[in-house]
Amino acid sequence: MSVAARRRVFAVTVLSLVARAAPAQHAEHAQHAEHAADWSLLVFHTFGLAVLIGIIVYFAREPLRAFLSDRSDGLRRQLESARAALESARTANIAIRARLDRIADENEALVREAAELAERERTGALERARSAAERVREEAKRAADQEIERARAELQSEAARLAISLAREMVRNNLTPDDERRMLAEFVERVGRPT
């Protein structure tokens, strides 16, 4: 058996002996409770407590030291792991901030490009609208000019027809039989002349 195991067996044996003796002493102490405090009993209990604490310290010292050392090592490892995680988080934070700055710059550039594109599109749309309006104006003017020419031709035609009709009426009303003979003679003379 190892030294640590033997110490544990010894400690358990001593503790069981102390535990068995305690009820007997407690019963004896209960009988003497009516009497004044006995200093020897106090010294005995103090000595027993000191022996018990000494035994516990003697046997528990190495396991307690090993436990505290393991706990200290574990805490040290956790602390170093936390430091590494903190450093990793700081590095990630710096990378994320740099990326956010780049994204903000890219966003501003996209907004500027969109504004410039919108302005170019607006200018182009205005130019196309002006061209379309000019074409419509020219086509309307051309159509109006054609309509005016057609109306003018119709008016001239109507005026000529009315003039002919009026002239015929005037000739009919103002022509005498002498005028008819004279005109017929002039016509025959013109037709009969050699050209």
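Arg122 and Glu119 sit 3 residues apart in helix 2, so about one helical turn separates them. Their side chains meet in a salt bridge, with an N to O distance of 2.8 Å. Arg122 is partly exposed at 44% relative accessible area. Glu119 is partly exposed too, at 38%.

This is a predicted model. The mean pLDDT of the chain is 81, and 81% of its residues reach 70 or more. Confidence is lowest in helix 1 (residues 3-31), with a mean of 61. It is highest in helix 2 (residues 39-174), at 88.

The fold is quickly described. The chain has 3 helices and 0 strands. From the N terminus, its elements run α-α-α. Of its 195 residues, 3% count as buried. The accessible surface comes to about 17,200 Å², and carbon and sulfur atoms account for 62% of that.

The structure holds 12 salt bridges. Three of them, including the pair above, are set out here.

| Salt bridge | N to O distance | Helix | Separation |
|---|---|---|---|
| Arg122 and Glu119 | 2.8 Å | helix 2 | 3 residues |
| Asp145 and Lys141 | 3.9 Å | helix 2 | 4 residues |
| Arg181 and Asp178 | 3.1 Å | helix 3 | 3 residues |

Asp145 is partly exposed, with a relative accessible area of 38%. Lys141 reaches 56% and counts as exposed, because the cut-off for exposed is over 50%.

Arg181 and Asp178 are likewise about one turn apart, in helix 3. Both residues are exposed.

Salt bridges also link Glu147, Arg150 and Glu154 into a network.

Helix 3 (residues 177-192) is also the place of Leu184. Together with Phe187, Val188 and Val191, Leu184 makes a nonpolar surface patch of about 420 Å². Leu184 itself is exposed, at 54% relative accessible area.

Next, the aromatic rings. A search of the whole structure finds 1 aromatic pair. Tyr58 and Phe59 form it, in an edge-to-face arrangement. The centres lie 5.0 Å apart, and the planes make an angle of 85°. The pair counts as edge-to-face because its angle is over 60 degrees. Tyr58 is partly exposed, at 40% relative accessible area. Phe59 is buried, at 13%, since buried means under 20%.

Terms used: Residues numbered from 1 in each chain as written. Predicted model: local features only at pLDDT ≥ 70, side-chain atom pairs only at ≥ 80, totals over all residues. Heavy atoms only, no water. Patch = residues over 30% accessible without salt bridge, like charges linked within 9 Å, V, L, I, M, F, W, Y side chains within 5 Å. Areas by Shrake-Rupley, 256 points an atom, 1.4 Å probe, with all protein chains shown as cover. Helix = DSSP H or I, 4+ residues; strand = E, 2+ residues; numbered from the N terminus. Buried < 20%, exposed > 50% of the residue type's maximum accessible area, 1.4 Å probe, protein only. Phe/Tyr/Trp six-rings, centres within 6.5 Å; stacked < 30°, edge-to-face > 60°. pLDDT = per-residue confidence, 0-100.
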